[in-house]
Amino acid sequence: MTRIPSASFTPWRHRAKLSLRGCGIAARSVSNRFGVLFILLALGAGIPQALQAQDEAIALSNGVAVSNLSATTGESLDYYIDVPAGTQKLTVTLGVNDNGDPDLYVDTRFPPPTTGAACQSVLAGGNSETCVINSPTTGRYYIRVLAYSSYSDAVLTATLSSPPGAPTISQITPGDGSLQVAFSPGAGTANSYTVSCEDPSMRSPGEVLAFVTEPETAGFSSAVMQRSSEEARGQRFDNAKAFHTSDLFAKAGLRCGTMEYNGARSPMLNSSPVVPLRGAADCTATQTTISAEHVQPAGQVVRIPVYFHVIYKADGEGYVSEARIRDQMVVLNEDFAGANGLSTQDTAIQFDLVYINYVQNDYYFADEGAGGIDKYALTADTERYMNVYTNDAGGVLGYATLPQSGAGGAGDGIVMRHQTIGGRNNGYGSYDEGRTLVHEVGHYLGLRHTFNPEGDCTNSYTGGDLILDTPAQLNADYGSRPSTDCGPASAIENFMNYSVDDAMYTFTSEQVNRMTCSLVNYRSNTYASSSSNTFSASGTGSPITVVGLTNGRAYNCSVTATNSGGTSAASGVVTGTPGAPDVPTTPVIARIDTGDGELNLSITVTDTGALAITGYSATCTDGTRTFSATSATPSVTVTGLTNGVAYSCSVSVSNALGSSESSAAVTSSPEPSATTLPLWIFYEGVRANADVTDSEDEGSE
Ligand SMILES: [Zn+2]
């Protein structure tokens, strides 16, 4: 650091503790060239000390040390530094190489007050001092070095820290599950850079839409709210257990009202099958293809925002407290994370409660069942939220739309019998662990029941529950013991069985695969969200490689730079798509320029196969003789040709993995006079030839 002779920077000195002749104005030392004059002024005219001293404070330059400072007890040295807009931090250091104890006071006021300054560094031992002011205001800061005791050989430095300028992405090179991002730095010095690549198809976690407040009418007794007597299909039951164990409950299918088959049998909509958002899906209403693509990368969690509608009667029946809903959310997330102590199957799907909509409406409370649509007047954007309605659910415990038949429709969502909502041991008989909602969410994410209502023991990707790792099962299990109608013991532990709540505790890996597939293909532009849809990596320079990405998905990447002053603005966004390296795609001939006995071919390749192109080659033939040439650039000149003869030319490109297929052929003829004609004529000519060639190709195929 530059050392500047102290004499030229020694500021005004004054001794606050010593006054002359009782006038109250500080006497000043005579160690600078104005000293004598100011003593005279001070003695004679009584000019206020502050004005004089402020004028005489010495300017500091950012980062430039002022050395050899010394003073005796009580003496002050005053400096200032001007802080420009955008400064993140002002750091003032005072290094004392000798004995003594100077103190630092830094403030926008002059003189900096000895109590209440923006920063004051008062170390008892007489050691070096440091003052740090974060986010200083724009303008002048005064720095007073006050000698608590005499000192010498001190060094004062004021440093302004600002974040670096935003970098610029120059290139993104795809790799297998990764993107290598090259960039150029912005202004200033950066200590590190961070690249972030975001999958825009994944939404950010559901934001809480409003403070959830229970209505003032919430003083219902729990007896009324959960009403112990049950009425279903005209029959009354004394309590939940009697209802759950009745023939009606089993034979009328009151455990779950979800219809699993096709759009026409969807309970909530008379909808047609939903077209997958991403084209052909691996998980239609009638088949599943288990794919590694639907295994969530480690650490990635899909988050789904949940919008509750609590529909209750005027007398309080059906009222579900906020606390019960929050308990329900906890167990829902626990079961989906495989974190219930029994399951080891983490679905990597989680849920965020964003709103509770309390609606007192006796009519909506008596659920209209599958075809009814009245309550959907309450619906929150089905393209954004998982709507959960609680009411009497028409006598069943719950029902849901399958994404393959209901995603995004007006009635898309889940209807729950209100008593099932809650945490563990919530009091609702055999279904008191909050797992009815877990089961219905399984449907909502595309799962069928583990058993087969079609009445056979099919276990395939096109029959039964459309997956293999749940055993074939003929009939629903209503208790806690597996059945063996199809031979192997049924999956009593599976959430998609009809087991009682304390017997079911897990999904299978293929169920998770189908759920993720359903999200990606039917709900990814709507509900799917992720707490980690952004993947980042840091380094000290370009390039930086971000890993853990999914091949084939487009990621929006940007770069920031950081130093002690903070973090820059983000660079512009550049999109990259990871993919396994491959040979380049088939190039095209963008243009042919004719020359004397030669043709020059300009080559365009859209996908380099995630590797750099290592060579370009061209071949031209008149039908009997073939001429070839190569180049390291996308411009290849084939020579040795005969003027006026038509040559059919094609090109290919290579990378480290090999060569592309040959391009479509384009016909052209070398002409000695070619270079004297405007290029557009040749361009048009090439286009005309290309058109002819294309149509010939089509005709031959
Ligand atoms: Zn079900």
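Helices (H or I, at least four residues) and strands (E, at least two) are taken here as DSSP runs, numbered from the N terminus. The model is a predicted one, in which local features need pLDDT of at least 70 and side-chain atom pairs count only at pLDDT 80 or more, whereas totals for chains, interfaces and linings use all residues. Residues are numbered from 1 along each chain as its sequence is written.

By these criteria the chain holds 11 helices and 35 strands. Of its 701 residues, 43% are buried, a residue being buried if 20 or more other C-beta atoms lie within 10 Å of its own, exposed if 12 or fewer, and partly exposed in between, with C-beta atoms placed from the backbone. Two residues are in contact if their C-beta atoms, placed from the backbone, lie within 7 Å; among contacts between residues at least 6 apart in sequence, 69% join residues at least 24 apart.

Strand S17 (302–312) is one of the elements against which the buried residues of helix H6 pack, together with strand S18 (349–360) and helix H9 (435–444). Pro 305 lies in strand S17 and counts as buried because it has 23 C-beta neighbours inside 10 Å. Although Pro 305 and Tyr 385 are separated by 80 residues in sequence, their C-alpha atoms are 5.4 Å apart in space.

Helix H6 itself covers residues 322–336 and, with 15 residues, reaches 21 Å from its first C-alpha to its last, close to the 21 Å expected at 1.5 Å a residue, where the expected span is 1.5 Å times one less than the number of residues. The buried residues of H6 are Arg 324, Ile 325, Gln 328, Met 329, Val 331, Leu 332, Asp 335 and Phe 336. Just after H6, Gly 338 takes a positive phi of about 65°.

An open sheet of three strands was also identified, with the order S12-S13-S24 and antiparallel pairing, two strands being paired if DSSP finds at least two bridges between them. Strand S12 (168–175) and S24 stand at the edges, each with a single partner strand, so one side of each is left without a neighbour in the sheet. Neighbouring strands of this sheet are turned by 25° against each other on average, direction ignored, as given by axes that are lines fitted to C-alpha atoms, for helices over the stretch in contact, with angles running from 0 to 180 degrees between N-to-C directions. Strand S13 (residues 178–184) is joined to S24 by four bridges, and the two run antiparallel; Val 181 stands opposite Ile 544 in S24.

Most residues other than glycine have a negative phi, and most peptide bonds are trans. A cis peptide bond, with omega about -5°, joins Ser 542 and Pro 543, and Pro 543 is found in the loop between strand S23 (534–539) and strand S24 (544–547). The peptide bond from Phe 110 to Pro 111 is likewise cis, with omega near -10°, and Pro 111 is found in the loop between strand S7 (101–107) and strand S8 (119–121).

Positive phi values also occur in residues other than glycine, including Asp 153, where phi is near 55°. Asp 153 is found in strand S11 (residues 151–161) and is partly exposed, with 15 other C-beta atoms within 10 Å. Ala 393, which is not a glycine, has a positive phi of about 55°; this residue is placed in the loop between strand S19 (386–391) and strand S20 (398–400), and it is buried, with 27 other C-beta atoms within 10 Å.
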